Amino acid sequence: MGKTDFKKKIVLGVLFIFPLLVYLFFASGKNNFAKLPVLTSDITEISELDSLTSIQFKEKITILGYWGGSLVDKQAEALNLNEKIYKRFYEFEDFQFVFLVNEEFSDEVDKLKKSLKEGVGTDLSKWNFINVSRNTIQTHFQSLKTPLKLSPEGSSPFVFIIDKNTCLRGRNDDEDEGTLYGFDARSVAQINKKMIDDVKIILAEYRLALKIYNTNRDK
């Protein structure tokens, strides 16, 4: 390899990596220049709930939710997540939404998707709904090992970040909560102030790791 080609690779590497390092440093308060902490490891994989589905947590960055009751009651939460999180990040290849829904309300999934598409025609290909029993929802929620509780119907307003290794990510030094396991989808303020930053951090973390891997492989 000539000196010119080598210098070009160094310049390109710096141009790509340096902005990510700067972002990680400034992105999110006390999480500056650090990975988003792992709060729980080995979350139950989706295939253990539904052996027929091709959807999985492994090798994906997932926003996970539990909607065990009527989806009509989840319209506002779905809209908040769609507008603030999904539309911003869905073009990342490994990003997805997964919601465990009570099979008794599976007929409401299409209605919810239709309401999200109205007006702007959002591509909802990465909104995934897994139909399971209420007991299965309860059992899976327990694998997160959080102090949060589901409603009697098996629903929660909170959504969670699951990484590519099926680990729950969150904050262990949040100024308001102490440990922040999930994000309240009813709260636009919390989504804007915390969730957007944390999703950015984990995406930047994986992009940086991939860049470093590819750089080392090319040496």
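In helix 4, which spans residues 134–142, the buried residues are Ile137, His140 and Phe141; here buried means under 20% relative accessible area, exposed means over 50%, and partly exposed lies in between, with a 1.4 Å probe and protein chains only. These residues lie on the same side of helix 4 because they cover an arc of only 100° around the axis, the arc being that of the directions from the helix axis to the C-beta atoms. On the other side of helix 4, the residues Asn135, Thr139 and Gln142 are exposed. The cover over the buried residues of helix 4 includes strand 2 (61–67), strand 3 (95–102), strand 4 (127–132) and strand 5 (155–162). Helices (H or I, at least four residues) and strands (E, at least two) are DSSP runs, numbered from the N terminus.

This is a predicted model, in which local features need pLDDT of at least 70 and side-chain atom pairs count only at pLDDT 80 or more, while totals for chains, interfaces and linings use all residues. Residues are numbered from 1 along each chain as its sequence is written, and side-chain values use heavy atoms, with hydrogens and water left out. The mean pLDDT of the chain is 86, and 78% of its residues reach 70 or more, where pLDDT is the predictor's confidence in each residue, from 0 to 100. Over residues 26–33, however, pLDDT stays under 50.

Helix 3 can be read in a similar way. Its buried residues are Val109, Leu112 and Leu116, and they are on the same side of helix 3 because they cover an arc of only 65° around the axis. The face of helix 3 turned away from this buried side carries the exposed residues Asp110, Lys111 and Lys114. The buried residues of helix 3 pack against strand 2, helix 2, strand 3 and strand 4.

Which residues of strand 3 are buried on each of its faces? On one side they are Phe95, Phe97, Phe99 and Val101, and on the other they are Gln96, Val98, Leu100 and Asn102. In a regular strand the side chains alternate between the two faces of the sheet. The table gives the pairings of strand 3, where two strands pair if DSSP finds at least two bridges between them.

| Strands | Sense | Bridges | Residues that stand opposite |
|---|---|---|---|
| Strand 2 and strand 3 | parallel | seven bridges | Ile61 and Phe95 |
| Strand 3 and strand 4 | parallel | six bridges | Phe99 and Phe129 |

The largest nonpolar core has 33 residues, and those with the most contacts inside it are Trp67, Leu81, Ile85 and Trp127; such a core is a set of buried Ala, Val, Leu, Ile, Met, Phe, Trp, Tyr and Cys residues joined through side-chain atoms within 4.5 Å. Among the elements that give two or more residues to this core are helix 2 (75–89) and helix 5 (188–218), and helix 5 gives the most, with eight residues. Leaving aside neighbours within four places in sequence, Ile85 is in contact (heavy atoms within 4.5 Å) with residues including Ile63, Phe95, Phe97 and Met195. A second, separate core of 18 residues includes Phe57, Leu100, Phe141 and Tyr181.
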